[in-house]
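Here are some notes for a first look at this structure. Please read them beside the sequence and the model.

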Amino acid sequence: MSSRRNFITSGIIGAAGISLLPAINVFAGEHYAPAKSKFRFAIASDGHYAQPGTDGDKFYGDLIKWLNKDHQDNHLDMIIINGDLVHNRPDLLPKVKETYLDKLPVPYYTIPGNHDFADAAVWKNVFGYEDNYVVDKGDIAFVFANTADTKGGYTCPNPAFMKKALEQCKDKKIVFVILHIAPYQWFPEEKGTFTNCPEIIDMLHSYPNVKAAFHGHDHNLDGIRYTGKLPHLFDSHFGGSWGTEYKGYRIVEVDTANKITTYQVNASQSPLINKNQLGG
């Protein structure tokens, strides 16, 4: 549904301190040469391993290939897989980890999505950490929070955890929040796609160092939306049977002046992003 697609456009979002570059087709000769950054990470979501009628091994094999090449070309400091690693098969999470994710070239972090059917115990058993946690990277911090239950239902992030985590990170220069399902419904027709969590939104807005929230879940979205001045960034999908025609991931770069640049990568090249024909 084109009305729900939010493509990235060129521009500077001054209030958030984030530069948005056009979507980039890095494997088709359209290459972005980043300025010197002190921290650079990739975020991808929605692999949906074992969804019937799809080739999950290809989805994951491609992702590992793409991210290894990106790291080789430009260097990555970390990678995030933002939910729906599997499709209703939590028993396959160890396979996804051992066969694919452990082959990523840098430290990676994960969070459950609504199709992972996983809670804190499942996540800790597979990945060694629970489903709500903080990652400290010097003057940058990441807050990861689960937004689903073990039956695929959507939930708001745990407010007690979020408050404790944001307080823990209040002296950081930059905080990024990782939530598979966005805690805000922008349009009436998206009822049932996102959750409305006013307490969480107000909490995020109350910490000036929270610079962006990152979401997966809706495979059609690969751009930016706002609650107040806070940007919410989506990354399309790298697996599953629906969504944008292409598959890819998002890159985020923080330079030495703490300026943030982000862009979406059309890794599969199918099709070119933002190709339009105007006129008769």
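1. β7 and β8 pair in the parallel sense over six bridges; strands count as paired if DSSP finds at least two bridges between them. Opposite A141 stands V175 in β8. Helices (H or I, at least four residues) and strands (E, at least two) are DSSP runs, numbered from the N terminus.

2. This is a predicted model, where local features need pLDDT of at least 70 and side-chain atom pairs count only at pLDDT 80 or more, while totals for chains, interfaces and linings use all residues. Residues are numbered from 1 along each chain as its sequence is written, and side-chain values use heavy atoms, with hydrogens and water left out.

3. The open sheet has six strands in the order β6-β7-β8-β9-β11-β10, with mixed pairing. Its edge strands, β6 (132-137) and β10 (224-227), each pair on one side only. From one strand to the next, the twist averages 25 degrees. Axes are lines fitted to C-alpha atoms, for helices over the stretch in contact, and angles run from 0 to 180 degrees between N-to-C directions.

4. Two helices that pack on this sheet are α4 and α5. α4 touches β6, β7, β8 and β9, and its direction makes about 175 degrees with that of β7. α5 touches β8, β9, β10 and β11 (230-234), and its direction makes about 115 degrees with that of β11. Contact means heavy atoms within 4.5 Å.

5. How many disulfides does a search of the whole structure find? The search finds one, where a disulfide is a pair of cysteine sulfur atoms within 2.5 Å. C156 and C197 form it, with their sulfur atoms 2.1 Å apart. The link of C156 and C197 is left-handed, at -95 degrees about the S-S bond. C156 lies in the loop between β7 (140-145) and α4 (159-168) and C197 in the loop between β8 (174-179) and α5, so the pair ties together parts that are 41 residues apart in sequence.

6. Is C197 buried or exposed? C197 is buried at 3% relative accessibility, whereas C156 is partly exposed at 37%. Buried means under 20% relative accessible area, exposed over 50%, and partly exposed in between (1.4 Å probe, protein chains only).

7. N209 sits in the loop between α5 (198-205) and β9 (210-215). N209 counts as buried because its relative accessibility is 10%. Leaving aside neighbours within four places in sequence, the contacts of N209 include C169, K172 and V175. C169 is itself buried, with a relative accessible area of 1%.
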